[in-house]
Amino acid sequence: MPTAFTRAMLGLLMLLALCAPLWAQGAYQNTQYDKLNTGPGGAAPKRDFSGSWAGPIAIDRQAVMPPLTPLGQKLMSANKPEPTYHIADTNDSYARVCDPLGFPRNMVFELRGLAFATMPDRIIVLNQYQRAWREIWMDGRELPKNVGGTAKDAPESEILRIFRGSLGEG
Amino acid sequence: MSNHLLATAIVVAVLAFSPLTRAQTTEKRESGKNIHRDGWDRIVPNTPADQQAGPAPVRDITGIWEPTPGYRDGVFATGPKNYPSDTKPEHELPFTPLGLKTWKEHKPGFGTTAVPIAENNDPFDICDPIGFPRLELFNLRAIQVFQTKSQVAIIYQNDQVWRNIWMDGRELPKEILEPRWYGYSVGKWTDDYTFVTETVGLDERTWIDNVGRPHSDELKVTETWHRVNHDIMEFTMTIEDPKMYTKPWNPLTKFRMRLQPEWFDIREMICSASEAQDYNKTVAEEAVAEKNANKKAQPSK
């Protein structure tokens, strides 16, 4: 007659045997993850970033300060980032009220999944964070030289026009 | 001649001999009212009324599209085209008792149930994500569509957001563990020119439109994008939500979008919460204070 210890050991072995498929599934998933994240991959297609991309999320806490000008230093010292000043005292409009992160901050903070759509004349970048997109033109156009100039000259800016439109006036 | 006079004379001469500058200035001055410009300030030409469009490509809705004939035709401030919030009986929605109750709890800034902006509870007023389908039922402006074998993605001028529609054969999720502002979408071609999507799993905090029509966790949105020819696409939407509405309804039917030039840059249009706060403090609260002051000033009956 089996002792209590033997019965317990038999029960444990049966439980482990039943769990084998679950183990296998877990191992499979890990293998897939490893392949995705550390494998050598095939050759890169030419001039093509298309697809969805993700990578390790990391913050470089040891980052050195950029070479600020006096004006840059002054502006920097006026900023009260949330990690230092806490949410109660920060003046970061993103941290306080969820203003858009904007570019380039959305590439150096909360850089999570990215998707690229490569087209002959442009690339569109889709960010996971804030579900925002950005378009990069490759059709040969030059960067605008008068940003803000038109709005100053125009009697009614496009922003105001859009606002009026949202009020049903436009 | 003094230096001052000399400088003035030079400026006058330069202006007089610069018709190009004059034309540009005039054009810029008109730009706010009469001329449609893209995000890079380029003039978007009007389409000639007699232009003959070529045939539509097969199973392809890629490109940049805007409402037509007017590029602001998709603003829908007082509700979508088929069902504006007004007093006309034909615009009444088939609310369930819960739907009507929930709608009355919503306090929009527009429509028959509008309240002053300082008193409204529109989640988009504090720049919560606009969500789907409101993304297409309020301020439907320029969109750009691109396709791969497995999905269709749409980027929107409205709130600078994107959404993707899976075409890899997956089914809609049967159990929604995480409701999303823009839901879970699948799509398929029902013929060579018609792409149909279905979306579920939408966050209940969002409103269906700008006048506060509500939805529940059972909302299912069907979009039909039908390419009529090379230049024109018709957009139809169907709302099904048995908790809020007794039958399906179509906020938009064959709403027309026109293909834009390849160089067209979609304008930036993003809700900024800090700007909204400033606006509410400087304009909305003052407006309410003024209204209350006027009430007090009026002699009681």
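A nonpolar core is taken here as a set of buried Ala, Val, Leu, Ile, Met, Phe, Trp, Tyr and Cys residues joined through C-beta atoms within 7 Å, where a buried residue has 20 or more other C-beta atoms, placed from the backbone, within 10 Å of its own. The structure is a predicted model, in which local features need pLDDT of at least 70, side-chain atom pairs count only at pLDDT 80 or more, and totals for chains, interfaces and linings use all residues. Residues are numbered from 1 along each chain as its sequence is written, with chains lettered from A and ligands numbered from 1 in the order in which they are written.

The largest nonpolar core holds 51 residues, of which B:Y156, B:W162 and B:F235 touch the most other members. With contact defined as C-beta atoms, placed from the backbone, within 7 Å, and residues up to four places away in sequence not counted, B:W162 touches A:L126, A:R131 and A:W133 as well as B:A153, B:I154, B:I155 and B:Y156.

Strands are DSSP runs of E with at least two residues, numbered from the N terminus, and two strands pair if DSSP finds at least two bridges between them. In chain B, β3 (residues 151–156) runs antiparallel to β4 (residues 162–166), with five bridges joining them; B:A153 has B:N164 as its bridge partner. The two strands β3(B) and β4(B) form a hairpin with five residues between them, and B:D159 in the turn has a positive phi of about 65°.

Strand β7(B) pairs in the antiparallel sense with β6(B) over six bridges and with β8(B) over eight bridges. B:T222 in β7(B) stands opposite B:E198, while B:E223 has B:M237 in β8(B) as its bridge partner.

Notes
Helix = DSSP H or I, 4+ residues; strand = E, 2+ residues; numbered from the N terminus. Buried ≥ 20, exposed ≤ 12 C-beta atoms within 10 Å, placed from the backbone. Contact = placed C-beta atoms within 7 Å.
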